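Q: I'd like to take a close look at one part of this model. Could you walk me through it in plain words?

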Amino acid sequence: MRVETSYKAPSAFARNAPGYLFLLPWFIGFFGLTLGPAIASLYLSFTDYNLLQAPNMVGLDNYVRIATADDKFLSSMKVTLFYVVCSVPLKLAFALLVALLLNRGIRGLPVYRAIFYLPSLLGSSVAIAVLWRQIFDADGIVNTLLWYAFGINGPSWISNPDYSLYTLVILAIWQFGSPMIIFLAGLRQIPTDLYEAASLDGASKARIFFKITLPLLTPVIFFNAVVQTIDAFKAFTPAYVISSGTGGPIDSTLFYTLYLYQEAFGYFRMGYASALAWVLVIIIAIFTAFSFLSARYWVHYDD
Amino acid sequence: MTLTIDRRQLLAGMAATLAFSGIGLSRANAATAMRLLWWGSKERSDRTFAAVKAYQAKNPDVSIAGESFGWDSYWTRLATQTGGGNAPDLIQMDYRYIFEYARRGALLDMTPYLGKSLAIEDFGPANIDSGKVDNKIYGVSLGVNSSMVVVNTSAWVEAGVEPPHDGMTWEQLGDACAKVTAAKKRRGFYGTADASGGEPAFECWLRQRGKALYTADGKLAFEAKDATEWFDLWAHMRKIGACTPADVQALDQQTLETDMLVTKKAAVSYAHSNQFVAIQGLVKEKIDLVSYPMDAGSKPGQYLKPSMLMSVSATSPNKDAAVAFVNYLVEDPEGAKTLGVERGVPASPKIRDLLTPDLDATSKQVVDYIGRLTPHVGPLPPSPPNGAGENAFLLKKIAEEAAFGKTSTKDAGAKFTEQAAANITRG
């Protein structure tokens, strides 16, 4: 009789070690580049840190100023909210529309999917924002078209405070690719027998859409809405490039993140900017919590 | 079993990495490796890199890595690097920020080097003092500079109007510019850019009236009434069609590339004399520079200031080598020649005389302008207080509000004064 003495079962850690090793870059990234800086910024938000000198504790001063004495906080929040409220629903509607068209089994679907997704890939890039500047410039493509098609002498869209924010909303809508791909995946999940049954019953296309497609798609719509809302709150690059970081003309494109950036790096008020960042975190958290609360009334999961 | 091997390999790998990085470090230490940071146009980058290359050829043990940024991102970059304890050895500094950085201990006091490796005595007291903070030298002037009015001479000739010259009044300039607009020789073209949101123009105009932007103790040195009259002046220019309308002017992002003269929207714009060479590089037509308009009996509004300074980081491990390079840029014929007058007219008379014969026509125009202007300038204003940087943006914003008709010039003046005062109180 032989006894296996040399073999010892590896401990749970030893068995999982390769897994942890592969996770190591993520852990380093999360603790070093996300959690660490987040805790540091929470601390700095209670100080007068100016980047060059050691920070002094100022208690709640920064937050008190945000709540009571900062006009730019209000105006930049107004710009951002307008941007969120306008761009997210329009972008989702557009993404859904294109997803429905692409879902009708056309030939070369992967090609169209790639083409429509492209603007989102380039999404936050500087190049796109520069392109946008040129399109909506006084002598840009938009005005040239308006002139030749309708004889209208258009304004300089991006440099007119009455229109500049709309051009950024349009830019956001144009980058509809990522919610569209998710909608497409969602549409594929809807069982075809439901559609067959409905068409046998003679239901109209609109009725099918509103009674089958839309309700079954609500979890996907909900997911997209939450993700896109958070993204829109954090939008920075387009406004930064279009206004060269000024938020102009007349603060009409002064997004909240742009204001935060100006305070931090333009005027050396890193402590105050940290407080602004945490206020944004709280606002996004409230919006997200509200979305989840409302979800139980309109999002239908498979029963 | 396999696990131990992996771990051993991992350790071996880590050891190798450390060893390699050790080699890297020791190699970097063998030579003097420095970093140089500056802002500016491509023209400036080309010249700076050429100067670095020439210096390295003479000093093979020194290597200087240069990085260039636009004005906006430059200060972000510098602040982050300085805050992170990773400041570049050589820092291009602006008069606006030198107090901020020097008083916060970020810059090297170069006073002990004066007369030794920093041989800038021939700058004269005024030009040496322009780099001083609390009586210590924290920066060396890279050139003498002043504000200027840039004129697209070709466009004026084309419109059949006599181009602006030194000593015009504001009214004369406005009327002449209105004629250029009215001539309609080009599509969407105006006499002058709208300078109401430009801080240098506003400051010059204030000084002509015996006021200033800031007092020596860091308070506003003008009143709401002054700001209102400034906005009124430009409202009048807009009304007579002399200057660019609001939505065209708003395209100017206060960079050279978006300047109204460069983008061919106006025949006149406002900038600093050291930018003249770069502007001529951006436009194909012949341009000229003249001094700001001034009304009869007004005081000198313009002043000579260092276009920019070169500073050394207080934490640089190569302080001596860095100071030697600064000296090379401003006092060595080779270094100074490579830079030319792109950063302003050299403060050293010796270098200026040496440069002048070889200068191209554009650079000569600048040297000539500084020569013409010098008898008519006022003193260097005291350094602006903390928070003043924000006021330059505030002026642009409120000038735009007035230009777009969102507010009256009277309210704009009051609002600007009130908020500008609040910004500097906040620091």
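Let's zoom in on chain B: what does its accessible surface come to, and how much of that belongs to carbon and sulfur atoms?

A: Happy to! Keep in mind that this is a predicted model, so everything here is computed from it. The accessible surface of chain B comes to about 18,100 Å², and carbon and sulfur atoms hold 56% of that area.

Now for what lies under that surface. Chain B is built with 17 helices and 12 strands. Its radius of gyration is 24 Å, while the globule rule gives 22 Å for 427 residues; those values are close, so chain B is as compact as a globular protein of that length. If you trace the C-alpha atoms along the principal axes, chain B spans about 85 × 55 × 45 Å.

Inside, 54% of the 427 residues in chain B are buried, and here buried means under 20% relative accessible area. How does the chain meet itself? Take the contacts in chain B between residues at least 6 apart in sequence: 75% of them join residues at least 24 apart.

Charges come next. Chain B carries 47 positive and 48 negative side chains, and the centres of those two sets lie 3 Å apart.

Chain B also has a partner, chain A. In terms of contacts, 30 residues of chain B touch 36 residues of chain A. Between them, the two chains bury about 2,900 Å², with 56% of that on carbon and sulfur atoms. On the chain B side, the residues that lose the most area to chain A are Arg104(B), Gln253(B) and Arg426(B), and together they make up 23% of what that side buries.

Chain A has 13 helices and 0 strands. Its radius of gyration is 25 Å, whereas a compact globule of 303 residues would have one near 19 Å. The C-alpha trace of chain A spans about 85 × 65 × 35 Å along its principal axes, and 43% of its 303 residues count as buried.

Definitions and conventions
Residues are numbered from 1 along each chain as its sequence is written. Chains are lettered from A and ligands numbered from 1 in the order in which they are written. This is a predicted model: local features need pLDDT of at least 70, side-chain atom pairs count only at pLDDT 80 or more; totals for chains, interfaces and linings use all residues. Side-chain values use heavy atoms; hydrogens and water are left out. Helices (H or I, at least four residues) and strands (E, at least two) are DSSP runs, numbered from the N terminus. The radius of gyration is taken over C-alpha atoms; the globule rule is 2.2 Å times the number of residues to the power 0.38. Buried means under 20% relative accessible area, exposed over 50%, partly exposed in between (1.4 Å probe, protein chains only). Contact means heavy atoms within 4.5 Å. Accessible areas come from the Shrake-Rupley method with a 1.4 Å probe; for residues, only the protein chains shown count as cover. Lys and Arg count as positive and Asp and Glu as negative; His and the chain ends are not counted. The place of a charge is taken as NZ of Lys, CZ of Arg, CG of Asp or CD of Glu. Buried area is the accessible area (1.4 Å probe) that two parts lose on being put together, summed over both.
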